[in-house]
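Let's take a friendly walk through a protein model together.

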Amino acid sequence: MAKRKVLTEETLKRFIKRDSHSMLEIAEHFDVTPKEVNKMLLSMKNSNYNILEDNSTMVALGTDINTGVVTHPFDPRMWQGDILKFGFSSDNHMCNNNSREDVNNLLYDIFASEGIGLVYNGGNWIDGEHHFNKNEIFIRGCTNQLKYCAEHYPYRKGIITKFVAGDDHEGWYVQREGINVGEYLVKHRRDLGMNDLEYLGYGEADILLSEPDQKHESWLRVLHPGGGSAYALSYTMQKLVESYQGGEKPTIILAGHYHKLDYSFPREVHAIQMGTTCDQTLFMRKKKIQAMVGGGIVEARRAADGSINRVKVEFITFYDKSFYIGKDKYFKGYMAEKYKKKEVYTEKTPGKPDIKTFDPVGQ
Ligand SMILES: [Fe+2]
């Protein structure tokens, strides 16, 4: 007698990942009713599996969620008059032993202390899993890493973090499991009562900076590009901007992925590389890639015609692996005292993250 195939999330995932199947085919394959298949699909959708359906009866699991640049409309809440001020932090690689959660938390404390309500993240918030990072991660499994990120990514009252997902690291889970990791992260964060994360898209997202009735259209692009590091810091940005066709150039680019802090102005595009909050990993050491640990703040002004005519970029940098709060290095006076008293940050022991978060502004 043929062995009965048991319907579970895992078996259904494997079955529809290979090929599209009709509901009837799935029901027959697992020897269950279509109602039971529907129930399982619904539960998978709730866990942000990328279930593909159309007008036919066919169902499939998509492992590529790249649909090109996702565009977002003008959002007046981002602006204070004609000034746009936001923070950026990227490539946090949480769950890797080298991730600097202390740095990311301090960046958010600086953002909060400066009244910044919006932060962009260019992807790689978690380290994911591949054969070359297995010895460096302290949490395994897609759900486990995302839950860890949802729990430990800095939360500050009044700050919204808008992020893209990279097609590497968290993206490896998309390709293997067919899960929309960005939406899944937001869901876990909400389950913990925090409504501060907004998923912008997979790989690339454009945000309209000009008001709809203004003559000149200005766009901000947040992206996680591909490819390795180049011999010159600004070269990757220069090539990226060169690849854009005339008329589709964004005004400001925020790029993750390269773990570099850099600002350049190729073809009149403000190209900002967002740095990383992760020390050099084994993978990077082997490839001789430098990690520039830090983040930053951008302040832009918009002219009456909608063009962005002033841009100020500030980098917040961390040179050493063991910086200590309380030495007046990043905060002075009352903020430093707060850190001293609370002793909130400790030097990170690889494999044993001992980072507590607190809310210096909200408390
Ligand atoms: Fe990265």
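Setting aside the residues within four places of Ile253 in sequence, its contacts are Arg221, Leu223, Met237, Val269, His270, Ala271 and Ile272. Ile253 also belongs to the largest nonpolar core, a group of 71 residues; together with Leu254 and Ala255, Ile253 touches the most other members. Helix 4, which covers residues 101-113, supplies the largest share of this core, with 6 residues. The core also takes at least three residues from each of two domains, domain 1 (9-61) and domain 2 (70-342).

Before going further, remember that you are looking at a predicted model. How confident is the predictor? The average pLDDT of the protein chain is 85, and 86% of the residues score at least 70. One stretch calls for care: over residues 342-363, pLDDT stays under 50, and the model has 37 contacts beyond four places in sequence for this stretch. Where pLDDT is low, the predicted coordinates should not be read in detail.

Now zoom out to the whole chain. You can look for 10 helices and 16 strands in the protein chain. Of its 363 residues, 39% count as buried. Taking contacts between residues at least 6 apart in sequence, 69% join residues at least 24 apart.

An open sheet is built from 6 strands in the order 4-10-11-12-14-13, with mixed pairing. At its edges you will find strand 4 (70-72) and strand 13 (261-264), each of which pairs on one side only. On average, neighbouring strands of this sheet are turned by 15° against each other, if direction is ignored. Look at the end of the order where strand 13 meets strand 14 (residues 270-274): the two run antiparallel and are joined by 4 bridges. Here Ser264 stands opposite Ala271 of strand 14. You have met Ala271 already, as one of the contacts of Ile253.

Another open sheet has 3 strands, in the order 1-3-2, and its pairing is antiparallel. Why is one side of strand 1 and of strand 2 left without a neighbour in the sheet? Strand 1 (21-22) and strand 2 (51-53) are at the edges and have a single partner strand each, so one side of each has no neighbour in the sheet. Strand 1 is joined by 2 bridges to strand 3 (residues 58-61), and these two run antiparallel. In this pair, Ser22 stands opposite Met58 of strand 3.

Let's finish with some single residues. His169 sits in the loop between strand 8 (160-165) and helix 6 (170-177). Its phi is near 55°, a positive value in a residue other than glycine. His259 lies in the loop between strand 12 (252-255) and strand 13, and phi of His259 is near 60°, again a positive value in a residue other than glycine. Is His169 buried or exposed? His169 is buried, because 27 other C-beta atoms lie within 10 Å. His259 is buried too, with 25 other C-beta atoms within 10 Å.

Technical notes
Residues are numbered from 1 along each chain as its sequence is written. This is a predicted model: local features need pLDDT of at least 70, side-chain atom pairs count only at pLDDT 80 or more; totals for chains, interfaces and linings use all residues. A nonpolar core is a set of buried Ala, Val, Leu, Ile, Met, Phe, Trp, Tyr and Cys residues joined through C-beta atoms within 7 Å. A residue is buried if 20 or more other C-beta atoms lie within 10 Å of its own, exposed if 12 or fewer, and partly exposed in between; C-beta atoms are placed from the backbone. Domain bounds come from an automatic or database domain assignment. Two residues are in contact if their C-beta atoms, placed from the backbone, lie within 7 Å. Two strands pair if DSSP finds at least two bridges between them. Axes are lines fitted to C-alpha atoms, for helices over the stretch in contact, and angles run from 0 to 180 degrees between N-to-C directions. pLDDT is the predictor's confidence in each residue, from 0 to 100.
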